[in-house]
Amino acid sequence: MVVLSVPAEVTVMLLDIEGTTTPIAFVKDILFPYIKENVKEYLQTHWEEEECQQDVSLLRKQAEEDSHLDGAVPIPAASGNGADDLPQMIQAVVDNVCWQMSLDRKTTALKQLQGHMWRAAFAAGRMKAEFFEDVVPAVRKWREAGMKVYIYSSGSVEAQKLLFGHSTEGDLLELVDGHFDTKIGHKVESESYRKIANSIGCSTNNILFLTDVTLEASAAEEADVHVAVVVRPGNAGLTDDEKTYYSLITSFSELYLPSSS
Ligand SMILES: CSCCC(=O)C(=O)COP(=O)(O)O
Ligand SMILES: [Mg+2]
């Protein structure tokens, strides 16, 4: 087995979710189709609620920022005609959500709505989150060795908690010290990693970030965060240069903590 030594200065493991702790197939084949199939009904049912209105406002703001993009779907402002406008308004939001999802966009607006929609499905036991089999044993071992474990995903903090709280292996929330999402910044921006270190109260070089996406690894590295790229079944392939440049792991069990020999 390949072994990657975790640098002695690392005290924090920062984990991506999709493609790292959790199969991309679970996200693409279960989580995302649930949104596409249910978004219209969800909006019709929850439209009058404050939370839903906040989600729509954020999506509208995002749609304005996206107006220059090819194929962008606008969300008109409410005209004041109330119920008359509602079906068109809801359809515009549905079309916008579907357009964003067709591009796998990671906007805070889209991710916030998705998190709210998954809440009912997880609570009703209609979905259970999948984790690669090496994840839970490794995280337990790291924590026993005194490491802190944080999550950084484009999925909203609320969605992250749903996944960890409702997994095929039970409630895993107690294994996580904290969660970060795109509200702290996007994962391809190095400033996000400085803010995360600041929020945790450590230096960036105390963090080891595990992700499947090399653009994220590169941004983290620029902030002096240690990185390893996680290669999992179903993940996007890496170029030869990326394979040479990055430390690669195919399982969390390949990480060796010098302190826990
Ligand atoms: C944690 S919510 C479900 C996954 C999701 O919506 C997503 O965008 C995952 O992105 P990641 O940053 O974990 O690769
Ligand atoms: Mg990922």
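A residue is called buried when its relative accessible area is under 20%. Keep that cut-off in mind as we walk through this structure, which is a predicted model. Ser-154 has a relative accessible area of 9%, so it counts as buried. Ser-153 also counts as buried, at 9% relative accessibility.

Where do these serines sit? Ser-153 lies in the loop between β3 (148–152) and α6 (157–165), and Ser-154 is found in the loop between β3 and α6 as well. Setting aside residues up to four places away in sequence, Ser-153 touches Ile-17, Gln-160, Phe-180, Asp-181, Thr-182 and Lys-187. The side chain of Ser-153 also reaches the backbone nitrogen of Gly-155, at 2.9 Å. For Ser-154, again leaving out neighbours within four places in sequence, the contacts are Lys-106, Lys-111, Thr-182 and Lys-187.

Lys-187 brings us to a record. In an unreviewed UniProt entry, the annotation "binding site" covers Ser-153, Ser-154 and Lys-187. These residues span 35 residues in sequence, yet no two of their C-alpha atoms are more than 7.7 Å apart, so they gather at one spot. Ser-153, Ser-154 and Lys-187 also belong to the lining of the largest pocket.

Several of the strands just named come together in a sheet. Strands of a sheet pair through backbone hydrogen bonds, either parallel or antiparallel. Here, six strands form an open sheet with parallel pairing, in the order β4-β3-β2-β5-β6-β7. At the edges are β4 (178–180) and β7 (248–249), each of which pairs on one side only. Further in, β5 and β6 (residues 226–230) pair in the parallel sense over four bridges. To find this pairing in the model, look for Phe-209, which stands opposite Val-227 in β6.

With the sheet in view, you can trace your way back to both sites.

Conventions: Residues are numbered from 1 along each chain as its sequence is written. Chains are lettered from A and ligands numbered from 1 in the order in which they are written. This is a predicted model: local features need pLDDT of at least 70, side-chain atom pairs count only at pLDDT 80 or more; totals for chains, interfaces and linings use all residues. Side-chain values use heavy atoms; hydrogens and water are left out. UniProt positions are given in the numbering used here, feature names are shortened, and annotations may be inferred rather than shown by experiment. On a 1 Å grid over the protein atoms alone, a cavity is a set of points where a 1.4 Å probe fits but cannot get out, and a pocket is an open set with protein on both sides within 12 Å along at least five of seven lines; lining residues have an atom within 4 Å of a point. Helices (H or I, at least four residues) and strands (E, at least two) are DSSP runs, numbered from the N terminus. Buried means under 20% relative accessible area, exposed over 50%, partly exposed in between (1.4 Å probe, protein chains only). Contact means heavy atoms within 4.5 Å. A polar contact is a pair of N or O atoms within 3.5 Å; within protein, one must be able to donate a hydrogen and the other to accept it, and residues adjacent in sequence count only if both atoms are side-chain atoms. Two strands pair if DSSP finds at least two bridges between them.
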